[in-house]
Amino acid sequence: MKFVIAMMKHETNTFSPVPTPYESFTSHGAFYGNDAYEAFKGTNTPLAAFIDLAEKEGAEIIIPIAAEAWPSGPVHAQAYQRMTDAICEAVAKGSDAVFLDLHGAMVCQNTDDGEGTLLERIRSIAPNIPMAVALDLHANLTDKMIANCSVIAGYTTYPHIDMYETGVRAGNILIKALKGQAKPTMDWTNRPMLAHTLCMGTDEAPMGDLVARAKAIEGKEALAVTVFGGFPLADFNSAGLSVVAVTDNNPKSARDISNRLADEAWQRRREFVYQAEPLAESVARAAKLSPGPILLIDHADNCASGGTQDTMAVVAEVMRQDLKDVAVGAIRDPEAVKKLIESGVGSNVTLALGGKMDMPSIGRQGEPLEVTGRVRLISDGDFIVRGPMYTGVTMHMGKTVVLDTGSIQMVIIENNHEPFDLEMFRSVGIEPTARQYLLLKSRIHYRAGFKPIAKHIVECSGVGVTGSDYSQFKFEKVRRPIYPLDADMAL
Ligand SMILES: [Zn+2]
């Protein structure tokens, strides 16, 4: 047997000013053939699971591409074309089954439904080819995606620590089908609701409850059941919370299960609305807490949701209220990195940090913050993840500098990187467990590595294109009415 296995992942924030050319994928992956095998075999990813399943079956493995970029604006047309061409060409050469590690919220310049369009194209080349797809919990499902593959399963955790398991769930069903041991039938539904990302953590209600119900059903009545929180900042028609169920030759049951869970989510829709606290109050509250580490979560500027990772509002407030013993992870500012490297380790530097990118979608210009500090360390920014999310994968922060203001140690990096692993700090000589405050540009993924060491967590509503205040975004394509944009809507 011959299996085509590929990864093409991007969570698109259509409000993000960060461009997404092909190069965004190469800095974070874009491996081909044996390089892809070497890079991902043994990691906590769906791709690694597909490789293991294929090897168990003794199948020949073709990996046309394994590419992922940090979330950002719409994927450039050429990048999408190049990646999807690679996958389609591999399928066209002949294959018994296809296993795809996708995100599910990819919006491109040339299609709003990046995944659905790819799946449709594959099926036009190889009609009815068995195809398993692993998706992120933040996928926005579409009819086109469901109609053009055999099996979909998504992450059941946020932070996403079950990536490998998800690959196994999706892949195993397809392998059973190939052996004639199962006949997967799939259905899905959504409800008109744009859940807030900050309300999708699976270690708490409401998302945790829904996931638990889905798992219980999956164990009894279905082959796979996934509740997708959706990605609300991908402004296209089908964005939002959805449910997909895969059953064994029972389409009616798949429909009933997805409706049952979607109804429950809809009934609890108010719990999916995040209530923000003013920034100054959050920092003042944090100032009174002890002991550390106290996490300050700068969630409006999360690069893993399309944030520029260079807004300085939370850092500025922390300085204004004079918090001490703070480590900041991380500010993306290639210009500052260059300047600090030129100055050299041990030098004292005053510079305008961050705020390099304007955010026209929310009507804000970049606002750099003047800081003075000593260059403590310069690094290549590579580290291997030791914690539960992306375990074993090498991360590339690009050239990295630690700037010490006396009260604050700031990690300043070239490439985007959301802090979800303690090695992010440790690799640059900062011991996170020994700091009073850790200011993290993250929304939920920080919990994978940092929640176990945190004594307190304070969410800080700063500035950025990943904020939870929907009123600052101009939604144009999502279906209306939709909750909570149209708060008093009836179903
Ligand atoms: Zn996600």
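## Ground rules

Axes here are lines fitted to C-alpha atoms, for helices over the stretch in contact, and angles run from 0 to 180 degrees between N-to-C directions. Helices (H or I, at least four residues) and strands (E, at least two) are DSSP runs, numbered from the N terminus.

This is a predicted model, where local features need pLDDT of at least 70, side-chain atom pairs count only at pLDDT 80 or more, and totals for chains, interfaces and linings use all residues. Residues are numbered from 1 along each chain as its sequence is written, and side-chain values use heavy atoms, with hydrogens and water left out.

## α3 against α7

Let's start with helix α3 (residues 46–56) and helix α7 (residues 163–178): their axes come within 7 Å and cross at roughly 40 degrees. The two are therefore oblique to each other; angles under 35 degrees count as roughly parallel, over 145 as roughly antiparallel, 65 to 115 as roughly perpendicular and the rest as oblique. The crossing of α3 and α7 is right-handed, a label used if the near helix is turned clockwise from the far one by less than a right angle, with anticlockwise being left-handed.

On the α3 side, the contact (heavy atoms within 4.5 Å) is made by Pro46, Ala48, Ala49, Phe50, Asp52 and Leu53. From α7 come Met163, Tyr164, Gly167, Val168, Gly171, Asn172 and Ile175. By class, that's 9 nonpolar, 3 polar and 1 charged residues, counting Ala, Val, Leu, Ile, Met, Phe, Trp, Tyr, Cys and Pro as nonpolar, Asp, Glu, Lys and Arg as charged, and the others, Gly among them, as polar.

## Two further helix pairs

Helix α4 (residues 77–92) and helix α5 (residues 114–125) pack at about 30 degrees, with their axes 10 Å apart, which makes α4 roughly parallel to α5. Their crossing is right-handed. The α4 residues in this contact include Tyr80, Ile87 and Val91, while α5 brings in Leu118, Arg121 and Ile125, among others.

For helix α8 (residues 207–220) and helix α9 (residues 251–267), the axes come within 11 Å and cross at roughly 165 degrees, so α8 is roughly antiparallel to α9. This crossing is right-handed too. Leu210, Arg213, Ala214 and Ile217 of α8 meet Ile257, Arg260, Leu261, Glu264 and Ala265 of α9. The contact of α8 with α9 has 6 nonpolar, no polar and 3 charged residues.

His138 sits in the loop between β5 (131–135) and α6 (143–147), and His160, 22 residues apart from it, in the loop between β6 (151–154) and α7, a pair linking distant parts of the chain.

Most residues other than glycine have a negative phi, and most peptide bonds are trans. The bond from Gly292 to Pro293 is cis, with omega near -5 degrees, and Pro293 lies in the loop between α10 (279–287) and β10 (294–298). Another cis bond joins Arg480 and Pro481, with omega about -5 degrees.

Asp322 isn't a glycine, yet has a positive phi of about 60 degrees. Look for Asp322 in the loop between α11 (313–320) and β11 (326–332).
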